[in-house]
Structure formats: structure tokens, C-alpha cells
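Subject: Structure for your files

Hello,

Here is the structure I said I would pass on. My notes on it follow below.

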Amino acid sequence: MNVVVEFFLYRNIIRIFLNANKKMNMYFDLSIKPLRWCAILVFVSVLLLPKAPMAQQKALEIDMTVLPGLQFSLPRFHVKPGQQVKLKFKNTDDMDHNFLIVKPGKREGVVSKALALGAEGPKQNYVPKGDDVLWHTVTLHDGQSEVLTFIAPKEEGVYPYVCTLPGHGFVMYGAMYVNSTGKMPPIEKDNNIPPNRQKAEAGHDHAHHQSHPYALKAPYLYRTYVEGAGPAAIAVHLPAQLSYCWDAGVCKLRFAWQGDFLDNTAIWKGHKDARSVILGDVFYREDKRAVLGIGDVAQEKPRFKGYKIVDGGYPEFHYVINGVDVFELIKELKNGGGVVRSFRIPQLKDQVRFAYTPTDAVRYYYEGKELSTDILELSAQAGKQFAVEVRMSN
Amino acid sequence: MKSLILLSSLVFSLALCQSTRKEAPESYIIETIPMPEGLTAEVAALEFLPDGRLVAAFMRGEIMIFDPQKKEWKLFATGLQEPLGMLVVDENELLVMQLPELTRIKDTDGDGLADSYETVYDGFGMTGNYHEFTYGPVKDKQGNLYIALNSSSSGGGIAEEVRGELNMDGKGQGRAMFSVVPYRGWVIKITPQGEVVPFASGFRSPNGLLIDDHNRLLVTDNQGDWVGSSHLYHVEEGGFYGHPASLVWDKNWHNGNPFEWPVDSLNNLREKPTVIFPHNVIANSPTQPLVIREGMHMDHFKGQLIVGEMNTERLVRVMLEEVNGVVQGAVTPFIDGQGLRKGNNRLAIAPDGSLWVGQSDHGWLGDRGIQKITATNKVPFDVKDIKLDKDGFDLTFTKGFSVPKGTDLSSWLKIKKYHYHYHAKYGSDRVDEQEVVVKGFKPKAGNTTLSLQLDEVNEGSIYEITIDTLLAKGQQDTLTNKIVAYTVKKAR
């Protein structure tokens with residue numbers, strides 16, 4: 001069959017299936033990521049072919065991975081009694097994990113027994129002996145996977161799955177529902193899954209959570225990893241829905257954007273190279289290697305010295321170029337149409353060159369006049385303190 | 001929550017009032033400190049200010065100050081990146097170790113909020129890898145500061161743009177932690193004059209630094225590749241402490257990729273652990289050590305160390321001694337369960353002697369928040385200390401013990417010995433594990449000491465002593481912690 005046709009066919013079937021399910025007070029996990037739909041497609045296709053002879057029935061394929069914070073990617077799934085199941089467990093975490101399916105009601109007992117293995121645990125893959133454990137993988141490292149192929153129990157019930165590495169089992173578990181109807185309780189009332197997974201729409205409620213024990217009022221900043229800057233980045237949110245990223249590694253403004261500030265949801269979980277995500281449109285990006293040139297001697301790598309919080313709560317960055325202290329302050333333009341970059345170089349004895357990147361998106365102004373090249377040269381006197389405006393063109 | 005604290009305080013006050021007459025029912029009282037609303041209380045650093053207020057740093061970058069009298073939290077600083085270490089200068093000034101740098105944070109205008117963030121040291125590399133945690137600073141008697149830099153994790157990558165020189169020789173195969181920018185996996189010394197000295201290498205995940213009462217630098221390291229089971233090291237200048245990646249930044253290293261060096265050569269080069277924390281028995285992820293000092297109402301353990309532990313609801317106690325010039329010793333659980341949570345990442349001693357524990361999980365096993373441990377006047381029946389003898393061990397107890405009638409000592413005391421592999425593989429099984437025959441049991445000093453006589457004591461072995469159902473003399477108390485594991489680096 002044509003794959004595309006098949007997909008559309010199934011998509012419609014799923015839609016019908018979901019609608020029907022809602023009415024019947026049966027729920028699918030809508031929190032499941034799009035990729036998981038592959039597994040669900042197969043699942044649905046199996047459900048829709050109940051009269052097909054067992055021998056010809058394709059195994060139900062389930063992909064299980066690991067999310068940060070000791071969680072299985074699927075908090076629960078459904079299989080039919082006696083169904084052929086092919087469950088692929090891939091450890092996508094930086095910690096070791098295993099995957100056990102146990103008899104109904106036996107999760108806590110198995111976890112305790114696994115813990116009691118103590119130093120023997122690793123040799124046994126943290127799997128305690130006895131018949132409470134139905135199927136299990138070995139201990140898997142980051143990136144390793146194992147497929148469990150089995151025939152689902154004939155007896156209907158809720159079969160817990162769990163990772164039994166020491167301590168994990170108390171939080172890292174889920175539920176395999178075995179029944180012929182496909183019925184699972186509403187996820188927010190499902191006590192067979194971890195409390196933090198009992199959310200109807202996981203992943204959409206972050207914005208309502210408070211990020212800090214205080215109200216955020218611009219200007220404020222985060223030292224964080226951001227795409228498009230070096231690792232020692234400082235992201236600053238300004239009033240008027242403006243933000244910029246200043247890089248303490250190279251001592252310069254890297255880019256500025258308009259809109260919301262950052263989404264730190266992923267980076268605050270702290271795993272797998274997450275980055276703060278910029279929630280806006282970048283209107284300026286600095287391509288020049290060096291922004292300030294002082295004197296005629298070859299430029300040393302600027303050295304970052306820190307920042308002070310000055311009037312209004314703005315950070316003023318301090319760095320040293322060729323032995324000369326530079327202070328840089330970036331604020332929003334009053335009309336919100338750009339930013340003003342102010343420099344103080346109190347001990348300046350030479351001329352200073354300020355370089356920038358001309359683009360169509362912004363215009364640069366010095367003392368009210370638009371700059372036409374990509375460099376502004378100032379005498380030692382004028383360069384001691386100067387400001388340039390970056391105005392958005394629109 | 002509040003009522004719980006009130007109740008606990010009441011119990012404790014009563015215990016104090018009656019201290020001369022009556023023993024408290026428990027040896028330790030554990031209280032949970034209320035945390036401010038909206039805070040994700042992943043405790044990254046914890047210290048006390050000279051005025052008795054607690055200062056705590058959190059993984060999302062806040063530093064907050066708690067007044068234990070008023071039970072009020074106040075914000076001090078914001079915007080930091082994973083501030084995992086802190087040293088108090090005074091009420092208005094802190095040295096804070098955050099991911100990109102060591103920073104001097106000051107409140108210069110006295111409004112209670114920090115306004116100056118001065119870079120003290122940022123001369124180490126960063127690759128944007130999530131595991132490039134930074135620890136310390138601790139200060140020795142000469143005023144030198146020590147910080148430690150985590151190796152980068154194979155669970156993450158290397159960003160397109162890095163800070164510092166890139167040297168891919170510091171990367172191994174598979175799951176190896178790596179060091180491709182300067183000083184990842186190193187302890188760095190910063191002198192009072194600001195001179196920076198790469199001090200010691202070979203660390204994997206050194207989430208705990210201490211200068212002890214003997215001015216020794218002690219550092220914990222976490223189980224993983226090249227660390228068969230977690231370690232505590234006595235760190236000295238120029239030492240290599242086992243994880244190969246960081247060797248590429250040693251000025252005397254001219255051998256290319258250290259992961260390609262023979263394991264035997266690396267093994268000869270490395271300093272062996274001062275103490276090993278047996279995995280799944282004592283600790284799986286040890287954190288900050290501190291010294292038990294006078295005023296904590298734990299004088300029976302004075303001078304020993306308490307170390308935090310992430311994975312279980314306990315702390316760990318470390319008993320050190322010097323044998324033929326080598327520092328070594330033993331570990332035993334400390335306050336196991338009893339209401340203490342997991343994730344015990346940071347420890348601090350309050351002016352009143354109570355022990356405050358900051359907890360974190362940050363995607364790993366753990367908990368969040370702060371708990372306070374107060375020792376009562378009830379001395380726990382516990383192993384007080386262990387010393388290595390020529391042909392065995394001397395165990396002392398906090399109280400005299402009695403041997404249950406009809407049994408002999410050999411029925412309730414067992415010793416196993418084993419060691420761990422030094423290899424690239426993540427963690428290690430126990431190697432050559434065997435029962436050790438105890439030839440002689442000699443109770444001494446009114447049954448407060450027990451000498452254990454063995455056939456021989458082997459260097460390089462861990463001796464794990466399990467003591468079952470031992471009763472305190474004339475009391476119903478059984479031994480609080482039943483396992484002591486001694487790492488024999490050097491025999492007597």
C-alpha cells in the first residue's frame with residue numbers, strides 16, 4: 001500500500017478513534033510527542049484489526065526512551081491481552097537505567113528487593129530473583145538500547161514498569177494497561193503513574209509556573225548558554241520587550257532581539273546540552289571580531305572584569321583592552337525602537353575605533369547623525385565617553 | 001510545615017531544659033526549613049554569615065539569605081549560572097563559584113542586594129557542555145583559594161564556539177568524560193596575590209572540597225569511568241588523581257591522547273584514593289565534606305568528617321588516620337533515614353552547632369530544600385572510630401557493648417575484603433571479594449573497644465566490616481550503623 005495514503009487513512013482513523021474515545025471517557029495520552037505517533041499508529045492499526053488471525057497480526061511496537069529527571073518517555077501505554085509486543089527501550093539519559101515489567105501490584109516490592117541486592121546489584125542488572133519480574137532488560141548505558149519481545153499477559157490488569165537502579169524505582173516508573181477495551185483512567189487521576197506525570201497536557205503549563213521567588217521586572221539578566229554566542233554568555237532583558245546577549249568570553253555584544261526574553265525550561269533541567277531559547281526576533285548580530293580598538297598596537301584579547309548593577313538595574317560591563325579599562329552599558333531606546341550602547345574609557349590616551357556590522361535591519365547613530373560606514377573613529381577626548389544608538393529600520 | 005517546626009523546636013527546647021537530668025529520645029532532630037514560594041530549591045551552595053544568617057545559592061542563579069530567628073528569606077543576588085560553591089567574606093561580600101567564573105559579589109550600597117559582580121578568575125575553558133560544573137572555593141591557612149573544575153560529559157557535546165584553547169587529545173572513546181579545554185578535571189590554586197596555579201589533575205566530578213583542621217585539601221570524586229567506586233582524596237600539589245582526560249593540560253605531559261596510554265602506566269602515575277565509598281553500600285554520589293567541630297554536640301566524633309550523599313537518605317561519616325605518613329581511613333553511614341531526605345549536596349554548620357543540609361536533584365536522583373540537624377544530649381550507640389593495627393583493626397564504640405547471651409562475637413561480626421578495577425568502564429564490580437577469617441576478638445577498655453585480629457592485612461583492599469545486633473551495655477539500643485568500610489592504602 002502507498003505509504004502516504006496509508007498515513008492519511010490512519011490519521012483519519014485516529015481522529016475518529018479519538019473522538020469516539022472522548023465520548024466513551026477513554027483517553028489517549030495527548031502529551032505524547034509527535035514521534036511517538038509512529039508507535040501509536042501501529043497500536044491503532046492493531047486495535048482496528050481485531051478479527052485478523054493472531055499469526056498474521058504484526059507485533060505492537062513501542063518505543064520507550066528516558067526524559068531528564070528520572071522519567072520514562074511514556075508514563076503509560078495499553079496493550080491487549082495475548083498481544084505480541086515489541087518494546088524497544090533506549091536509554092537516552094546520562095545515567096544508567098534498566099527496564100522491568102512486573103506483575104500487578106509488585107512494583108514497590110521489586111524495587112525494595114532490588115535495593116536489598118546492595119553490592120550484588122550490578123552483577124544482576126539490579127533485577128531481583130523471583131517470579132514477580134515478567135520481562136526485563138540489562139542495565140543500559142547512555143545511548144544503548146534493548147528490545148523486549150513478549151506476548152502480553154492473558155490476564156487483564158495494570159502491569160507496572162520500572163527502573164530498579166538504586167533509588168530510581170521510587171520515581172521512575174509507569175503502567176502497562178492490559179485489557180481488551182483499551183480503557184485507561186483519565187491521566188490526571190491515574191495513580192499508577194508518577195504524580196508529576198498526572199497532567200492532561202504535559203509541557204504546556206510551564207509558562208504559568210513561577211520561575212523565581214520574586215517577580216521578574218526588566219532589566220534583569222541570566223548567565224546562561226545561548227545559541228549564537230560563546231559559553232560565557234550573559235543574556236539581558238531590557239524594558240520595552242528588548243533583550244541582548246553580551247559575551248563575557250570575547251567581551252562584546254553578540255546580538256539583540258525584540259519580543260519575549262528566554263525559555264529556560266530545558267536548560268534548567270540541566271542535561272543533554274540544553275540552551276536557553278530566544279523568544280523573539282533577532283534584529284542585530286555583531287559579526288565584527290573586535291568592537292573596540294584602542295591605540296595602534298596589536299590588539300590583545302580583551303579580559304572580562306565583571307559588571308556592576310547601576311541606576312535602574314542595568315548591568316554595566318567592565319573589561320580591559322590593551323591595559324585600558326572599558327565600561328559598557330546597554331539600554332533600550334525610549335521609544336522601544338532599538339538600543340543605545342554607551343562606553344566609558346576614563347583613562348583613554350589614544351584614539352578609539354568603534355566597529356559595528358551594518359545591516360538593513362538597523363541604522364547606527366552617533367550624536368544624532370546616522371553613520372554610513374562600519375567604523376566610528378573618535379579622538380582620545382571624544383572617546384572617553386560616547387554613545388551610539390542602534391535603531392531598528394522598520 | 002510551620003507547626004512541625006514549632007513542635008520540633010518545642011521538643012528540642014524541652015530536651016535542652018532537661019539535658020542534665022534526662023536523655024532525649026533520639027540522638028538527632030531533623031527539621032525541614034520552609035522555603036520561599038516560587039523558588040526551585042535546588043541547593044547549589046550553603047554557608048553561614050558571621051551574624052548567624054544562612055546564605056544559600058540555588059541552581060537557577062539566586063542567592064538568598066535566611067534569618068533563622070525571624071524565619072524570613074531575603075534575596076541577595078540573581079542571574080548566576082549554577083553557583084555551586086561559595087565562601088563568605090563578610091555580611092556584604094561573597095566569593096561565588098559559578099559555571100563561567102569565580103566571582104566576588106558585593107552589596108556596596110548597603111541596600112541588602114548585591115550590585116557588584118567582580119570577576120576573580122575565569123581563565124579556564126568552557127565547551128558549553130552541561131556537565132562543566134565548578135566547585136569551591138575553599139581557603140587554606142595561607143589564604144590560598146582552591147577551586148575544582150568538572151570534566152565534560154560524554155552525555156553532552158562540544159559547542160561550535162568554546163572558551164579557551166581546544167585540544168581534542170583530551171577526549172576518549174565512548175562514555176569517557178573529557179577535557180578538551182584547559183583545566184577541566186583539575187583543582188586550581190589561586191594565591192592571595194592572584195597567581196593561578198594548576199594544582200592537581202585527574203578529577204572526574206569533584207563535587208566536594210574541604211580544607212581540614214590539618215590544613216589538608218580533601219576532595220571527593222564521583223563513581224563513573226576510571227572511578228570504580230566514589231573516592232575521597234587527600235590532594236597535594238602536582239598529583240594526578242586517576243581520570244586520564246585532564247592530563248593533556250599538564251605541562252609535563254607529552255604523550256598525546258592519555259586515553260591511549262596503557263592502563264598500567266596510568267595506574268602507576270595516579271595517586272590512590274584516601275578512602276573509597278563502596279557503591280550501593282555507603283554512597284553512590286558523595287558531595288561536600290566538612291569537619292565535625294566542637295559545639296555540634298557530637299564531641300564523640302570531633303575532628304572526623306561528615307560527607308553529603310545524593311542518592312540515599314543519609315550522610316556519611318569518615319574516620320581518617322595517618323599510617324606511616326599516609327592518610328587513609330574508613331567510612332560508615334551517618335544519620336541514615338530518620339527523616340533526612342536524599343540529594344544531600346551541601347552542608348554548613350550554624351553558629352549554634354546545628355548542621356544544615358542543602359538538597360538538590362537537578363535531573364538526577366535527589367530532593368530539594370534545606371533540612372536542619374540538631375544533635376541532642378543522647379549519644380548514639382555507634383562505631384566511634386576505627387584504627388588499623390599491625391594484624392587487624394581496633395574498633396571503638398561510643399558506649400560499651402554487650403554480647404547477647406548464648407552467642408559469640410563471630411556470629412555477629414563479619415568481614416569481607418575486596419577492591420575495585422581502575423579502568424575506562426563506567427563503575428566497577430567488586431574484585432576478589434572474599435570473607436576474611438577473624439582469628440581473635442579482644443574486647444578492651446570496659447567493652448568500648450574491640451580488637452579484631454586477622455591473618456594478614458593487605459594493602460589496596462577495602463575491609464568491609466558488618467556488625468549485626470550488637471547491644472549497648474545495659475541498654476536496649478542496637479548499633480546505629482552496621483557497616484564500616486576501611487580502605488587500606490598502607491599497612492602498619
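**A salt bridge within chain A**

Lys288(A) is partly exposed, with a relative accessible area of 25%. Please keep in mind that this is a predicted model. The partner of Lys288(A) is Asp374(A): the two form a salt bridge, with the closest N and O atoms 3.1 Å apart. Lys288(A) lies in the loop between strands S15 (277–285) and S16 (292–294) of chain A, and Asp374(A) in the loop between strands S23 (369–370) and S24 (375–378) of chain A, so the pair ties together parts that are 86 residues apart in sequence. Asp374(A) is also partly exposed, at a relative accessible area of 30%.

**Salt bridges within chain B**

Over all chains, the structure holds 34 salt bridges. One of them joins the side chains of Glu23(B) and Lys378(B), at 3.8 Å from N to O.

**Where chain B meets chain A**

In the interface, 51 residues of chain B are in contact with 46 residues of chain A. The two chains bury about 4000 Å² between them, and 50% of that area is on carbon and sulfur atoms. Counting residue pairs in polar contact between chain B and chain A, with both residues at pLDDT 80 or more, gives 19. On the side of chain B that touches chain A, the elements that give two or more residues are strands S9 (116–121) and S29 (430–436) of chain B. S9(B) gives the most, with 4 residues. By type, the residues on this side of chain B divide into 19 polar, 17 nonpolar and 15 charged.

S9(B) also pairs with a strand of the other chain. Its partner is strand S17 (residues 303–310) of chain A, in the antiparallel sense and over 3 bridges. Within this pairing, Glu118(B) in S9(B) stands opposite Gly306(A).

How many salt bridges does the rule find across the interface of chain B and chain A? There are 3. One of these is between the side chains of Arg175(B) and Asp96(A), at 3.1 Å from N to O. In another, the side chains of Glu101(B) and Arg223(A) meet at 3.0 Å, N to O. That pair crosses between chains, from strand S8 (residues 101–106) of chain B, which holds Glu101(B), to strand S11 (residues 220–224) of chain A, which holds Arg223(A). Glu101(B) and Arg223(A) are both buried.

**One more residue in chain B**

Thr449(B) sits in strand S31 (residues 449–454) of chain B. Is Thr449(B) buried or exposed? Thr449(B) is buried, because its relative accessible area of 12% is under the 20% cut-off. Leaving out residues up to four places away in sequence, Thr449(B) touches Leu395(B), Thr396(B), Phe401(B), Lys442(B), Pro443(B) and Lys444(B).

Regards

How values were computed: Residues numbered from 1 in each chain as written. Chains lettered and ligands numbered in written order. Predicted model: local features only at pLDDT ≥ 70, side-chain atom pairs only at ≥ 80, totals over all residues. Heavy atoms only, no water. Contact = heavy atoms within 4.5 Å. Buried area = accessible area lost by both parts, 1.4 Å probe. Salt bridge = Lys/Arg side-chain N within 4 Å of Asp/Glu carboxyl O. Polar contact = N/O pair within 3.5 Å; in protein donor to acceptor, adjacent residues only side chain to side chain. Nonpolar A, V, L, I, M, F, W, Y, C, P; charged D, E, K, R; others polar. Pairing = 2+ DSSP bridges. Buried < 20%, exposed > 50% of the residue type's maximum accessible area, 1.4 Å probe, protein only.
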